[in-house]
Amino acid sequence: MQTMVHMTQQHYRELVDLYSRPGEIRISGFDTSNYSTFSDSTLATVLTLFDNEVSFSTSLKQDAEEFSTLTGAHCTENLDAEFVVVKAGELTEKIFHEAAVGTLGSPEQSTTLIIEVPSIGEGQKYALRGPGIKDINTLEMTIDAGWMALRSEKCLEFPLGIDLIIADQDNQLCVIPRTTKVEVK
Amino acid sequence: MRQNYAFLDENSKKEIRRKTLKAIAIPGYQVPFASRELPIARGWGTGGLQLTLSLAGQSDTVKVIDQGSDESVNAVNIRKLIQDTTGVPDTIHTDAATLIQSRHRIPEVPLKPYQILVLQVPMPEPLRPVEPQERVTKMLHADKEYSGAWLRLFEQIMNYDSITEDADYPVLVEGRYVMAPSPIPRFDNPKMDNNDGLILLGAGREKKICALPPYTKVKSLAFEDYPFEVESFDDVICRQSGLTGVYMDELIDEETGETYYQTNDTSYMQEAMNREGSVK
């Protein structure tokens with residue numbers, strides 16, 4: 001039987017694999033009605049990770065209300081919230097500048113960006129290196145290299161940094177944690 | 001009485017899951033989490049158990065070991081709790097399991113990609129023997145100030161002319177964090193370096209989660225003139241199976257008083273003994 005409990009568990013396991021293997025791609029099989037403007041895989045990630053202890057930020061009021069209603073998470077306008085859910089087309093420098101990177105004592109108190117891009121598997125080519133990657137992983141996605149440069153700047157001083165969960169409109173997912181070195185290919 | 005799937009309520013699981021993902025993103029760093037009450041006492045594997053329960057799902061196969069054994073009381077009870085609340089099948093074969101919860105050993109069979117090893121950790125703080133205050137050790141980690149950990153090893157060399165730490169030997173993860181790898185024998189330390197699977201460490205009483213993603217550099221602390229050495233079992237032979245070069249238990253035959261050795265990883269020993277042609 002597939003209930004929300006099992007679907008969030010499966011989605012979490014996909015995220016565990018993706019976090020531990022940056023640049024790998026998974027297709028989310030999460031099946032639920034979606035009244036947000038984001039794709040099913042973005043919504044699945046929200047449903048899996050958000051609850052009433054979480055604060056998040058997203059641009060559209062409709063999405064904010066949908067996520068809050070479904071999970072009890074607290075919507076805020078502050079961009080240093082625990083999660084920022086955003087479409088690649090709506091990324092701004094402010095989002096990267098204001099995202100929390102944690103402190104040296106508590107680097108886990110950082111922002112996770114959930115970015116929805118038009119497509120993973122085509123577009124700009126990136127080479128990824130770091131923990132979780134045997135030699136080098138290549139990843140193609142339709143996100144501007146400028147944004148990835150801002151992300152890399154944010155992650156210069158490990159353990160400080162931001163983690164990216166990237167979803168696309170075909171329900172594919174990948175993760176770029178702060179440990180990963182990203183180069184434009 | 002019906003329990004929630006995997007015992008923990010969904011909010012508890014979500015919290016553990018968020019913290020676990022952070023731990024994977026910051027290898028070797030101890031992420032604090034709100035350790036939940038479980039039907040076993042803290043300090044008896046609750047950290048590992050909470051990780052396993054937050055991970056387990058319908059397509060998993062679990063293996064639970066305690067000091068290398070699938071059949072000790074602790075391993076059996078933890079496995080029963082996992083199975084009663086999730087219904088997942090169990091196995092003793094390391095390569096057939098998707099989730100392995102272990103106390104004090106990393107199995108002899110190397111982890112495969114996408115396998116997850118969950119280690120139960122009694123004391124996750126490698127600096128605790130030199131600094132009792134959590135507030136201070138947190139600062140020391142922030143400053144990458146690990147003189148205490150080095151000094152501890154140095155003092156052992158001064159006193160005994162060798163490093164005497166035989167379990168929970170501290171490691172340096174990706175050149176940044178010094179981590180306590182739970183009381184696995186030194187013998188198992190090299191298995192963590194650049195391994196194929198994901199290793200998660202959960203400390204229930206101390207409320208910390210730590211992670212080692214695959215292909216992560218994990219170096220045991222050592223000095224140039226006193227390099228890291230593992231226990232050698234090359235010159236001893238397992239009395240049951242004839243295996244050598246694996247981690248052994250030293251036992252005493254009660255009848256003859258004679259010392260003998262036996263492979264510590266019981267499922268590995270059983271697999272070796274069941275292999276065709278192994279009976280001489």
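Helix H2 of chain B (residues 46-55) has 10 of its 10 residues buried, so it is largely enclosed by the rest of the structure. Buried here means under 20% relative accessible area, exposed means over 50%, and partly exposed lies in between, with a 1.4 Å probe and protein chains only. Among the buried residues of H2(B) are Thr46(B), Gly47(B), Gly48(B) and Leu55(B). Helices (H or I, at least four residues) and strands (E, at least two) are DSSP runs numbered from the N terminus.

A word on the model itself. This is a predicted model, in which local features need pLDDT of at least 70 and side-chain atom pairs count only at pLDDT 80 or more, while totals for chains, interfaces and linings use all residues. Residues are numbered from 1 along each chain as its sequence is written, chains are lettered from A in the order in which they are written, and side-chain values use heavy atoms, with hydrogens and water left out.

## Salt bridges

A salt bridge is a side-chain nitrogen of Lys or Arg within 4 Å of a carboxyl oxygen of Asp or Glu. By this rule there are 26 salt bridges over all chains. Three of them are set out here.

| Pair | Closest N and O atoms |
|---|---|
| Asp51(A) and Arg18(B) | 3.2 Å |
| Lys19(B) and Glu15(B) | 2.9 Å |
| Glu134(B) and Arg128(B) | 2.6 Å |

Asp51(A) lies in the loop between helix H2 (40-49) and strand S2 (55-58) of chain A and Arg18(B) in helix H1 of chain B, so the pair joins two chains. Both Asp51(A) and Arg18(B) are buried.

Helix H1 of chain B also holds Lys19(B) and Glu15(B), which are 4 residues apart and so separated by about one helical turn. An α-helix has 3.6 residues a turn, so residues three or four places apart point the same way. Lys19(B) is partly exposed, with a relative accessible area of 23%, whereas Glu15(B) is buried at 4%.

## Pocket and cavities

On a 1 Å grid over the protein atoms alone, a cavity is a set of points where a 1.4 Å probe fits but cannot get out, a pocket is an open set with protein on both sides within 12 Å along at least five of seven lines, and lining residues have an atom within 4 Å of a point. Grid points are joined across faces, edges and corners, and a volume is the space filled by probe spheres set on the points.

The largest pocket holds about 260 Å³ of space. Of its 18 lining residues, Glu82(A), Glu108(A), Ser110(A), Lys19(B) and Lys22(B) lie nearest its centre. Helix H1 (residues 10-25) of chain B gives the most to this lining, with 4 residues. By class, the lining has 7 nonpolar, 4 polar and 7 charged residues. In this scheme Ala, Val, Leu, Ile, Met, Phe, Trp, Tyr, Cys and Pro count as nonpolar, Asp, Glu, Lys and Arg as charged, and the others, Gly among them, as polar.

The whole structure has 3 cavities of 30 Å³ or more. About 70 Å³ lies in the largest cavity, whose lining includes Gln30(B), Glu134(B), His141(B) and Lys208(B). Helix H4 (residues 134-142) of chain B supplies the largest share of that lining, 4 residues. The lining divides into 2 nonpolar, 3 polar and 4 charged residues.

The second largest cavity has about 50 Å³ of space. Gln30(B) and Lys208(B) are among its lining residues, along with Val121(B), Met179(B) and Ile209(B). S8(B) contributes the largest share, 3 residues. Here the division is 8 nonpolar, 1 polar and 1 charged.

## Backbone details

A cis peptide bond joins Phe158(A) and Pro159(A), with omega about 10°. Pro159(A) lies in the loop between helix H5 (145-154) and strand S8 (163-168) of chain A.

In chain B, His104(B) has a positive phi near 70° although it is not glycine. His104(B) sits in the loop between strand S3 (99-103) and strand S4 (116-120), and counts as buried at 14% relative accessibility. Asn194(B) has a positive phi as well, near 55°, and counts as partly exposed at 49% relative accessibility.
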